[in-house]
Amino acid sequence: MQVSLAWLAEWVQTDWEATALAQRLTMGGIEVEAISPAAPAFSGVVVGEVISTKRHPGADKLSVCQVAGAASGVPLTIVCGASNVRAGLKTPLALEGAVLPGGLVIRRASLRGVESAGMLCSGRELGLSDEQEGILELSGDLETGRAFREALELDDLVLSLNVTPNRGDVQSIIGIAREVAAIADRKLTPPVMEPVPAVNRSKFPVRLDAPAACPRFGGRVIEGIDPVARTPVWMRERLRRAGLRPISPIVDVTNYVMLELGQPLHAYDLRRLKTHIEVRFARAGERLTLLDGREIALEPDVLVIADEAGPVGLGGIMGGEKSGIAADTTDVFLEGAFFPPDAVVGRARRYGFMTDASQRFERGVDPRGQERAIERATQLLMDIAGGNPGPAVLTQVEA
């Protein structure tokens with residue numbers, strides 16, 4: 001597990017340097033295998049703001065931009081080939097003399113007869129992602145001209161932890177924060193997580209047909225999500241530092257909450273679900289195509305999430321392709337369920353893989369953490385992509 005110290009500091013404050021913290025965690029039974037920088041070295045990059053754009057007179061695919069961010073206060077002329085460049089956008093601006101990862105030095109250059117005084121950067125050019133298309137879009141509330149490394153806390157450090165199988169409680173930011181708070185005798189300072197009130201009555205029926213394997217199943221319908229919304233850079237960065245690839249706001253929020261609170265979540269495209277959800281063991285002859293595209297034959301001791309038409313996911317492991325989030329998804333059914341270790345352990349390995357969710361369920365998650373995780377995910381998703389939530393519904397079978 002990888003833990004960003006900047007993220008951890010939001011939950012608990014100490015006076016320890018990274019090496020001291022790592023030593024104390026290791027002595028407490030949580031081995032820190034490595035301490036790594038959150039981003040590669042680069043310099044001379046600031047938060048730029050595109051003031052205006054116009055087509056390059058000599059090249060249809062290039063734009064001539066006026067960009068604020070230089071210390072002089074005078075907008076710079078920057079030639080940019082990104083399709084997403086536009087007036088009002090804030091993006092990394094590499095000034096003349098900037099040194100990017102790999103040693104590339106930014107100099108004034110004439111591009112098809114127009115002099116460019118710097119470069120607008122993609123995440124790939126800064127070593128922050130593998131995406132090649134477009135420049136990096138930053139939050140509009142970042143201060144223009146501020147050092148980019150400072151604005152995104154890129155001088156952060158990341159701890160790589162070797163979590164033993166008996167410590168499922170520390171496979172999250174809250175779990176590590178509790179451990180640090182106990183060692184340092186400090187109080188937890190978690191972010192505010194308020195319940196999100198329902199604005200409609202939309203629900204999706206859930207039935208628990210294998211209560212010993214799934215005694216609690218939290219669900220919530222959220223409608224009207226903006227399908228073209230983008231995950232903010234701050235969240236993308238936290239996911240990246242934790243070793244996860246950002247995908248889309250819906251998927252990213254579920255992954256973020258799993259990392260933060262330790263409760264795996266899953267989101268279904270509501271329009272692809274039929275009639276109801278039932279949690280049960282697989283039936284003879286059933287097959288499932290997973291989100292990664294592989295088709296598997298289900299065995300009778302494998303827990304599935306199914307609708308009227310059949311399985312739509314492996315319980316506690318991975319969702320199915322047919323109910324997965326698509327580029328045009330606007331309505332979702334959000335799941336936060338509890339699966340005891342015995343219901344999940346060994347099933348993913350049987351099919352030749354492991355997932356972040358299965359690792360957590362196999363080691364044990366908080367049996368009562370489902371409602372909090374769903375509320376947190378609702379809050380974050382609405383902040384990023386809007387939406388109209390129905391009531392959060394907990395279906396449970398008491399022991």
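The model is predicted, and local features need pLDDT of at least 70, side-chain atom pairs count only at pLDDT 80 or more, while totals for chains, interfaces and linings use all residues. Residues are numbered from 1 along each chain as its sequence is written, and side-chain values use heavy atoms, with hydrogens and water left out.

**Exercise 1. Work out what span helix α6 should have, and compare it with the distance between its end C-alpha atoms.**

Step 1: helices (H or I, at least four residues) and strands (E, at least two) are DSSP runs, numbered from the N terminus, and α6 covers residues 249–261.
Step 2: the expected span is 1.5 Å times one less than the number of residues, so the 13 residues of α6 should span 18 Å, which agrees with end C-alpha atoms that are 18 Å apart.

**Exercise 2. Locate the partners of the salt bridges of Arg 186 and Arg 241, and determine whether Arg 241 and Asp 156 are buried or exposed.**

Step 1: a salt bridge is a side-chain nitrogen of Lys or Arg within 4 Å of a carboxyl oxygen of Asp or Glu, and the structure holds 32 of them.
Step 2: Arg 186 meets Asp 15 at 3.2 Å, N to O. Arg 186 lies in the loop between α4 (173–184) and β11 (206–208) and Asp 15 in the loop between α1 (5–9) and α2 (18–27), so this pair ties together parts that are 171 residues apart in sequence.
Step 3: Arg 186 counts as partly exposed because its relative accessibility is 36%, whereas Asp 15, at 67%, counts as exposed.
Step 4: Arg 241 pairs with Asp 156, their closest N and O atoms being 2.9 Å apart. This pair links helix α5 (residues 233–241) with the loop between α3 (148–151) and β10 (157–162), 85 residues apart, and both Arg 241 and Asp 156 are buried.

**Exercise 3. Describe the backbone and the exposure of Arg 112 and Asp 185.**

Step 1: most residues other than glycine have a negative phi.
Step 2: Arg 112, in the loop between β7 (109–111) and β8 (114–116), has a positive phi of about 55°, and its relative accessibility of 60% makes it exposed.
Step 3: Asp 185, in the loop between α4 and β11, has a positive phi of about 60°, and its relative accessible area of 70% makes it exposed.

**Exercise 4. Which helix supplies the largest share of the lining of the largest pocket?**

Step 1: on a 1 Å grid over the protein atoms alone, a pocket is an open set of points with protein on both sides within 12 Å along at least five of seven lines, and lining residues have an atom within 4 Å of a point.
Step 2: the largest pocket has a volume of about 800 Å³, and of its 32 lining residues the closest to the centre are Asn 255, His 266, Leu 291, Met 318 and Gly 319.
Step 3: the largest share, five residues, comes from α6.

Definitions and conventions
Buried means under 20% relative accessible area, exposed over 50%, partly exposed in between (1.4 Å probe, protein chains only). On a 1 Å grid over the protein atoms alone, a cavity is a set of points where a 1.4 Å probe fits but cannot get out, and a pocket is an open set with protein on both sides within 12 Å along at least five of seven lines; lining residues have an atom within 4 Å of a point. Grid points are joined across faces, edges and corners, and a volume is the space filled by probe spheres set on the points.
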